[in-house]
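My notes follow, cavity first.

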Amino acid sequence: MYLPPHDPHVDDPMRFKPLFRIHLMERKSATVECMYGHKGPHNGHIQIVKKDEFSTKCNQTDHHRMSGGRQEEFRTWLREEWGRTLEDIFHEHMQELILMKFIYTSQYDNCLTYRRIYLPPSSPEDLIKPGLFKGTYGSHGLEIVMLSFHGKKAKGTKITGDPNIPAGQQTVEIDLAHPLQLPDIENLRDFSELSRIVLEVQEQVRREEQEQQHPQEGENHSQQAASQPAAKPLGGEGAEREETAAGEEWTSQEKASASQPFVLPMGVISRNEDYPRSCRICYYGTGLIAGHGFTSPERTPGVFVLFDDDRFGFIWLELKSFSLYSRIKVSFQNAEAPSPEAFEEMLKNIQSLAT
């Protein structure tokens, strides 16, 4: 298992932790060992569920127990998972979330199901190379997100989840058709100014979606707009750009080539204060928020901030929070040693031996 670095150090490397191992000793001899716990390898079981999916089960869960009981297990888990002690955590809400995560993960006792992740394809037109990123999620700590591009949209899908938003959900969506022109650095410190810009674009996006749903109304609106002077783009004169027949839109590379100063507005909370102080470009986007248990989910407006080829951020407007994401660069050599076909064949052989 590859674990994210300790919160909030998103640029640190992933941590590696063995969960099980398979011994293929002779043609008719194979053993599976669970590596979980602190008492060394012990008897386990593995079976294939369906294509791209298999499960493991520990047959000796007493090896996971500690002499000090659940309290010692929790403190050990806290040091390994979070890199801190219970005394280091002063925030009551964070204590609650961490305890919820411990209870949730420990109840499975390493009886787990694994599903293969297919990484998104890469295209020269993409803003940056898609792939896996580590991101800060407030009191939830670091989580893994997969960034992918879909025409005029980019999506961040959770690979690891939390009590609010589970794995598999689309945590952020970036509207590449609506770049944002940030105000100068002094005005950017004013949260109300950034909020005004984002909400204006949100209203613009809403109108465009309505026009797509009701084309006739959209045509009437377009005719009315044609009879009026064109509005200046957000950001004033510095954001103006003449359209030419040779190219009505910037390419992704052109959009990402420039650099501008960046600072978080006052009042926006960031787990990592060591974020870049310059960015390439910003886009309007939405982020998914929900209550515990994924209750009352809703998409809220925000700002996608591209820093460089390996880092981006997202300002959650409603939460007044900032998430910083850093690319996962580990090669996963240990995980990719056997091919998918060879691994599935190995699992089938183990099952046949077990029966």
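A cavity here is a set of points, on a 1 Å grid over the protein atoms alone, where a 1.4 Å probe fits but cannot get out. The volume is the space filled by probe spheres set on those points, which are joined across faces, edges and corners. I counted one cavity of 30 Å³ or more.

This is a predicted model, in which local features need pLDDT of at least 70 and side-chain atom pairs count only at 80 or more, while totals for chains, interfaces and linings use all residues. Numbering runs from 1 along each chain as its sequence is written, and side-chain values use heavy atoms, without hydrogens or water.

Next, the lining (residues with an atom within 4 Å of a point). I listed Leu19, Phe20, Val32, Glu33, Cys34, Gly44, His45, Thr56, Lys57, Cys58 and Asn110. Two or more of the lining residues come from each of β4 (29-34), β5 (42-50) and β6 (53-58). I sorted the lining into five nonpolar, four polar and two charged residues. Cys counts as nonpolar in this scheme, and Gly as polar.

Then I checked confidence. Mean pLDDT (the predictor's confidence in each residue, from 0 to 100) is 82 for the protein chain, and 81% of its residues reach 70 or more. Residues 225-256 fall below 50, yet this stretch has 27 contacts (heavy atoms within 4.5 Å) beyond near neighbours in sequence.

Last, burial. Of 355 residues in the protein chain, 39% count as buried (under 20% relative accessible area, 1.4 Å probe, protein chains only).

Key:
Buried < 20%, exposed > 50% of the residue type's maximum accessible area, 1.4 Å probe, protein only. 1 Å grid on protein atoms, 1.4 Å probe; cavity = no way out; pocket = protein on both sides within 12 Å on 5 of 7 lines; lining within 4 Å. Helix = DSSP H or I, 4+ residues; strand = E, 2+ residues; numbered from the N terminus.
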